[in-house]
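Colleague: Please take a close look at the ligand site in this model. Walk me through the surroundings, then the nearby loops.

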Amino acid sequence: MPNARINNLEMAYTDTGAGHPVVLIHGYPFNRSLWADQIPALSGNNRIIAPDLRGFGESDASPEPSTMNRLAADVAALMDHLEIPRATIGGLSMGGYVALAFYKEFASRVRALVLADTRAQADTEEAKQTRAQQADKALSEGMAGIADAMLPKLLTPETVSKHPEIVKRVRDMMLKTKPEGAAAALRGMAEREDQTGLLPKISVPTLILVGAEDAITPVADSEKMHHAIKGSSLVVLDHAGHVSNMERTQEFNQAFLRFLSQS
Ligand code: MLT
């Protein structure tokens, strides 16, 4: 798989398929393998680019906070490297925070938006404090404790009991994350700005997807975005939690493909 020198770091990415470009941005603390079930389904008619964000997967980490703006600038620089002027930008959770930051900074490069299991609001003060503690914990103890604490919030109880293979994939992604990368992303998410005011300014086709049982970015957050983004579509996926693309792969892919064929 290719690597590129992006903003002075080695960035790993997948680039496959041909046609309209679609950039898929993973959440925290995952990597581009989050999209393993989307890439083959979507790349039939589209060119899919899925980076490992800085500090995740096979990409280099950097010590400063991975702010959403910095991560969005990395995505833009990767698009420059690949000579892609404009793309559909899709992100799940933190990837959605990055997608909104990308739209704010580079609206003319966005053909359409896909916002999965994410929200527009910034962190509360309490959430910021928790992020700071988690960042310290990642650096001092590694990712195992963070993975164990996060797992029950990421997946539905049904997925946890009936789909050990999904539990294993999610856990393995988290354990592969570099503690420095996780800490930098936690600090970056804590600093992120409230994008609520951006939503009414979004003028590209937008698909919002969310697991009906998402415990981290609940359906209400997606409904708020749906009401604020003119003409957006909202798809609520039953029997899915926060990692809805893995828990309801077929329904997620169908909604995504339908959207791509219409946008
Ligand atoms: C994610 O899945 O990217 C994170 O859980 C988002 C967050 O912690 O706000």
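**The ligand site**

Modeller: The space that the ligand takes up is the largest pocket. Keep in mind that this is a predicted model.

Start with the shell. The residues around the ligand are Gly27, Tyr28, Ser93, Met94, Tyr97, Arg131, Met150, Met189, Ile216 and His242. Sorted by class, this shell has six nonpolar, three polar and one charged residues. Arg counts as charged, and Arg131 is among the residues around the ligand. Gly counts as polar, and Gly27 is also part of the shell. Met and Tyr both count as nonpolar; the shell includes Met150, Met189 and Tyr28.

Now the polar contacts. The cut-off is a pair of N or O atoms within 3.5 Å. Tyr97 places a side-chain N or O atom 2.5 Å from an oxygen atom of the ligand. Met94 contributes through its backbone: an N or O atom there lies 2.8 Å from a ligand oxygen. His242 uses its side chain, with a polar atom 2.8 Å from an oxygen atom of the ligand. As for cover, the ligand taken alone exposes 270 Å², and the protein buries 94% of that.

Tyr28 leads on to the backbone. This residue is in the shell, and the peptide bond from Tyr28 to Pro29 is cis. Omega there is near -5 degrees. Pro29 sits in the loop between strand 3 and helix 1.

The side chains of Arg32 and Glu58 meet in a salt bridge, at 2.9 Å from N to O. The structure holds 18 salt bridges.

One further backbone detail concerns Glu83. Its phi is near 55 degrees, a positive value in a residue other than glycine. Glu83 lies in the loop between helix 2 and strand 5 (87-92).

Note on methods:
Residues numbered from 1 in each chain as written. Predicted model: local features only at pLDDT ≥ 70, side-chain atom pairs only at ≥ 80, totals over all residues. Heavy atoms only, no water. Near = heavy atom within 4 Å. Polar contact = N/O pair within 3.5 Å; in protein donor to acceptor, adjacent residues only side chain to side chain. Areas by Shrake-Rupley, 256 points an atom, 1.4 Å probe, with all protein chains shown as cover. 1 Å grid on protein atoms, 1.4 Å probe; cavity = no way out; pocket = protein on both sides within 12 Å on 5 of 7 lines; lining within 4 Å. Sits in = over half its atoms within 2 Å of the grid points. Salt bridge = Lys/Arg side-chain N within 4 Å of Asp/Glu carboxyl O. Helix = DSSP H or I, 4+ residues; strand = E, 2+ residues; numbered from the N terminus.
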